[in-house]
Amino acid sequence: MNKKFFSSPIILILPSILAISFVIIIPLIFSFYTSFTSYKLTRPDSLFDFVGLRNYERLIDNAKFWYAFGRTILFLAIVLNLELLFGLGIALLINKITWGQRTLRTIMMFPMMFSPILVGFQWKYIFNDNIGLLNNFLYLFGYESAIPWLIDKYLAMGSIMVAEIWANTSIFAILLLAGLLGIPRDPIEAARVDGCNSWQVFKNITLPFLMPFVFIALTIRSLDVGRAYDIVHIMTGGGPAMRTELIWTMIARIGYKDANMGYANAMSYVSIILSIAFTYYFFTKLVAARRDLGQQQ
Amino acid sequence: MKQVKKISFWLLVLLLLILICLPGIWIFISAFRPNPEILSKPANWIPDRWTIYQFTQMFSINGYVSVPAFKYLMNSVIISSVSTVIAITIGMMGGYAFARFNFKGKNKIFLSLMLARAVPGISLSLPLFILFAKIGIINTSFGVILVYVAMNVPFTIWLTDGFFRQIPKEMSEVARTDGCTRLQAFWNVELPLAGPGIGAAAIFAFLLSWNEYALASIITRTVHSKTLPIGMMDYLDEFTINWAGMCAIAVVMIVPALILTFIVQKHLVSGLTFGGVKG
Amino acid sequence: MAEVKLKNITKKYGDVVAVQNMNLTIPHNEFLVLVGPSGCGKSTTLRMIAGLEEITGGEIFIGDQIVNEKDPKDRNVSMVFQNYALYPHMTVEENLGFSLKIAKVETKEIEKRVTDAVQILGLQDLKKRKPSQLSGGQRQRVAMGRAIVRRPDAFLFDEPLSNLDAKLRTQMRTEIKKLHQKLQTTIVYVTHDQVEAMTLADRIIIMKDGYIEQIGSPIEVFSKPTNVFVATFIGSPPMNIIDADIIKIENKFYFKIDNELMMPCLESKYDLIKDKKKIIIGIRSEDIVPQISPNYGSEFWNFNKKIDLSEPLGTETQLFFKLGAKEIISRMYNPRAVNVGEKLSFEINLNKVHLFDSISQKAL
């Protein structure tokens, strides 16, 4: 037994699988069940009140939910693209620096380590209409009327996006920079000799090489999209008038404030599928990009 | 022309630095300012006087506790450390298995583990809350630790798998012909070689626990088990915010995180990319 | 102090056969070299002996014990890897003593054995260094030292010299040979380099596609190759191989190479070829001799050819020309310039011609 213990991959993976089963799989099965009941925290016996698909039907009929859902998709599409774009720009910028590159790279990593709750608070502080850094700064240039960044129905969403992008661009920048540093010189030099200009070199050599790194970053990032909940929760709490309500804040509101667990669980399932679909998509892209690169070499 | 290009390049770098650092610096400065000064209009850019009032309050040096930050800090330290040690131990075993063995369904299991990690905390918190309440581990450090172990395991596997694969297979083979069992080979050769990488994975796991909010906000109910991110909310009332206090607790939260990041940043990047690039 | 025996050893990876039904006895103190092109199964065989690869079928004995089920650590063999696999986090000394420490040998004994190995290999000044501070040759020595220290029943070498540059390789080759003479143990050595195989081996095994093609001493496999593959694999430049038709004129057999050239067949070989239509002729380049004053006699055959290319190498000049459809190399041990297009006279001693069956490619 002892001899074979370290030779059996299944036994080695088993503790991981057990931990995940207990904390993630079993609760999910349970919540899948409750999503077919009218379970309310305040009435424990309602756990056995089977209502079939009613929670899901309510969900489908609920325009507010679909607004939140659509807003979430839009939110993710915008922030992920901008993060990727800014990350690439920053990586290219830092890649050009020869002096102090390591220090700059370390500084780049700092936002990654900020708790989302801290990021939310930090930007809530900066965007505060009364005492915020931003309005105080604008005041210096004569904008004396305070701009209600987090209260205006359009500005609020933008402000949250700024916070989200600030927090998560660095993961893209760091990984893409690692990719840039790892690109072999030979193909680039060969392309130069073959008559490519800088843009053509970037498009035909650099970018294909970077693709696996783009997908690593997107995969890692997709694992944590739900953490945007923390930021929204602290910055606006979904307000004003649900203008910044994302699917996750809606779950929390319905589950905890309204104590309507069954309904909230049905909603959770939609959000879980959304997250898993994101991760799955990027992961398969990563595997494919990796294979391509392997064949090239 | 070249000069202009160079100057604009460095201006861009400077702007980047400001964007990254300024929010944090502003919080840091505010943590040492009295609240009236923060609230003054027009803004008072350079603090007139520095104070550590908020910190003495938090750590109850004057005997008066506004927010029991010290207790929160201890909870955070204990929960993050214990969950990290456990997550790294079992995650490392998994990473080793993925790096060194071929078995049926390997890629599928790996993907499933990652997908399990993708479940958003808030969606998971509903059923966890009910289940943990039922078995009586709600509002305990144990419950939070358990959750963080499971949350950290998939990513630890991703990272350590990469680090173990960077070590040539022959290292283990030669140790085994040198008279080691597989376990001895792991302990004497592969573990020391992967050490820095595993350290990085550990710090990453630590930080995830340290910073987590959505799940902890549901599972922890009182000062008994609340961690710093939850404790931070004590400064936030429905209509008023103790800005200086919140900035101070933010500093308490972020300083350890930054120090740890600084220590491991080099290995972290190599671990993230290696696991991903070399299939 | 043990012989190593392989009985009907087979290794499959799924449907792919890496080693097929291999039988082999390696007596104590023999230096055995497994040689063959990559993918021939030589490394797999070695790794099965080491216990790093599971055996699909058959039995391996070390001494009189079956070791199929034994862990590598219990087989008392040492292996030297192609990339040395030194422990990067240990000094040279620690690398050498590691296996003994694991075996819980007394500290004094470890010190003694490490010192011995260090002296044998001339590593005295490097004891405290880490592998990253060593040159390729030094790393190679440490890897061998690590094997020596254990006093194993058998040494297993997996292409140990292929990461070294040419000059160092020759030097280390000599050292390995000396080491074997000093240590008096069984060595199984895998290489793809036939020169290494020839110079080191007591016995050579030539493998291809999982099968043993020939086993024999270096001289045997060189002078009596059992088939075309061995003939072309051993020796440099490779043996010249020419396809020819067998024709009979006035009761004499000839090998018709092309429309101009017909090589006579020795009468002693008539029995071997009389029923055949085609033949494969193998001639080593040193047996195609440029000659000014030809020898006469039934065992000599002379012909003239235009030279396509000449490569002077100093001690010899290699001459390239066409014989039939094939490009042929001849060696001239006479350092003079040869012009392209120059016509030279060549002589072949027919006793030195190898004949192979045109279908089975086996030696006749």
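Mentor: Before we start, a word on terms: two residues are in contact if their C-beta atoms, placed from the backbone, lie within 7 Å. Keep in mind, too, that this is a predicted model.

Trainee: Thanks! With that in hand, how many residues does the contact take from chain A and from chain B?

Mentor: Both sides have to be counted here. Chain B gives 71 residues to the contact, and the number from chain A is 71.

Trainee: Which helix of chain A gives the most to the side that touches chain B?

Mentor: Let's look at that side by class to begin with: 52 of its residues are nonpolar, 16 polar and 3 charged. The top contributor supplies 15 residues and spans residues 261-296, and that is helix H13 of chain A.

Trainee: Moving on to chains B and C, which helix of chain B gives the most to the side that touches chain C?

Mentor: This contact joins 15 residues of chain B with 18 residues of chain C. Helices H8 (169-177) and H9 (182-211) of chain B each supply at least two residues of the chain B side. That side divides into 7 nonpolar, 4 polar and 4 charged residues. With 6 residues, the one giving the most is H8(B).

Trainee: Back in chain A, are H4(A) and H8(A) oblique or roughly parallel?

Mentor: Helix H4 (residues 63-96) and helix H8 (residues 155-182) of chain A pack with their axes 7 Å apart, at an angle of about 45°. Angles under 35 degrees would count as roughly parallel. The angle therefore makes H4(A), relative to H8(A), oblique.

Trainee: And is the crossing of H4(A) and H8(A) left-handed or right-handed?

Mentor: The residues of their contact comprise 17 nonpolar, 4 polar and 2 charged. As for the crossing of H4(A) and H8(A), its hand is right-handed.

Note on methods. Residues are numbered from 1 along each chain as its sequence is written. Chains are lettered from A and ligands numbered from 1 in the order in which they are written. This is a predicted model: local features need pLDDT of at least 70, side-chain atom pairs count only at pLDDT 80 or more; totals for chains, interfaces and linings use all residues. Helices (H or I, at least four residues) and strands (E, at least two) are DSSP runs, numbered from the N terminus. Ala, Val, Leu, Ile, Met, Phe, Trp, Tyr, Cys and Pro count as nonpolar, Asp, Glu, Lys and Arg as charged, and the others, Gly among them, as polar. Axes are lines fitted to C-alpha atoms, for helices over the stretch in contact, and angles run from 0 to 180 degrees between N-to-C directions. Angles under 35 degrees count as roughly parallel, over 145 as roughly antiparallel, 65 to 115 as roughly perpendicular and the rest as oblique. A crossing is left-handed if the near helix is turned anticlockwise from the far one by less than a right angle, and right-handed if clockwise.
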